[in-house]
Amino acid sequence: MTTTSAQVASPAGAAPKSPSHRLRLLLESQLVGSLGLAVLMLIGWQIVSGLTFVIPSPIDTLRVLNANLRDPSYFFDLRITAQSVVIAFVVGTAIGSSVGLLLGLSEKLRLVFEPLLIMLNGIPKIVLYPVLLPIFTLSGSKIVMGVLFALFPVLINVSTGVQEIPKVYWKLARSVQANFWQRLVHIMLPAIRRPLLTGIRLAISLSVVGVVLSEFFATRRGLGRVVLQAYSHGDYPSMVATIMLLITVSFAISMALWQWEKRIH
């Protein structure tokens, strides 16, 4: 009698696990790990809050955040920041995807512009804010700053993804005489969806960073102004509550996109 490798590898009487079952087990283990990490962070937060008056306890932070969200003025600042982040993310993603696609398709363009883009990506973008401020006014300058933070991860990931598309795909497209739009829809977008999603995940968090940092320096409304005013007035519970709101929202969106990204094969 002969036995297959699958029968030897699996315990007697146990059926082999399907890919969907293994994926479900992986997601469940990651959920348990994330919950455990969250509990440890809350415990550490509670301990640190007892050592310094600057950081309130988690319960006090939630209480202050709940009160702030009921305040129409605070909610207006939240809406202003959210609108700026969404605009910066959409514009940055569109520009980064378009430029990344061009660089990925054209070796000549990469040779000319890739060193320049690497140099620009290495510049601390916040130092450009004094230059952007008189050009785009208060509201426009923080959106432009968010765009500068968001576009580079999308650009780099899309360009790299296009370059890594197997050459046999392009041969197939030429053999069926596919035009540019057919190649874009049926070859490039499916092939780069994972690096594109990675760039989008990074762009969301970075657009929040760019907009809120800009609101620290010069703005009339926004959560960055709320944090700065709370710090100036010594209102540390409100400051920490606003910071935790920004961190939580960005983290939740990033985790959702990360889980989606891991499901892509």
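**Note on the nonpolar residues**

1. Leu116 is partly exposed, because its relative accessible area is 40%, between the 20% and 50% cut-offs. Leu116 is found in helix α5. Keep in mind that this is a predicted model.

2. Leu116 belongs to a nonpolar patch on the surface. Helix α5, residues 107-122, gives the most to the patch: seven residues.

3. Now the inside. In soluble globular proteins, nonpolar side chains tend to be buried together. Here the largest nonpolar core has 20 residues. Leu101, Val158, Val162, Ile165 and Met188 touch the most other members. Helix α8 gives the most, with eight residues.

4. What does Leu101 touch, not counting residues up to four places away in sequence? Leu101 touches Val158, Val162, Phe180, Leu184 and Met188. Another core, of 18 residues, lies apart from the largest one. Among its members are Leu65, Leu103, Leu117 and Val212.

5. The structure holds one aromatic pair. Phe180 and Trp181 form this pair, and the arrangement is edge-to-face. The centres are 5.5 Å apart, with 75° between the planes.

6. Trp181 is exposed, because its relative accessible area is 61%, over the 50% cut-off.

Technical notes: Residues are numbered from 1 along each chain as its sequence is written. This is a predicted model: local features need pLDDT of at least 70, side-chain atom pairs count only at pLDDT 80 or more; totals for chains, interfaces and linings use all residues. Side-chain values use heavy atoms; hydrogens and water are left out. A nonpolar core is a set of buried Ala, Val, Leu, Ile, Met, Phe, Trp, Tyr and Cys residues joined through side-chain atoms within 4.5 Å. Buried means under 20% relative accessible area, exposed over 50%, partly exposed in between (1.4 Å probe, protein chains only). Helices (H or I, at least four residues) and strands (E, at least two) are DSSP runs, numbered from the N terminus. Contact means heavy atoms within 4.5 Å. Patches are made of residues with over 30% relative accessible area and no salt bridge: like charges are joined within 9 Å, nonpolar side chains (Val, Leu, Ile, Met, Phe, Trp, Tyr) within 5 Å. Accessible areas come from the Shrake-Rupley method with a 1.4 Å probe; for residues, only the protein chains shown count as cover. A salt bridge is a side-chain nitrogen of Lys or Arg within 4 Å of a carboxyl oxygen of Asp or Glu. Rings of Phe, Tyr and Trp (its six-membered ring) pair if their centres lie within 6.5 Å; planes under 30 degrees apart count as stacked, over 60 as edge-to-face and the rest as tilted.
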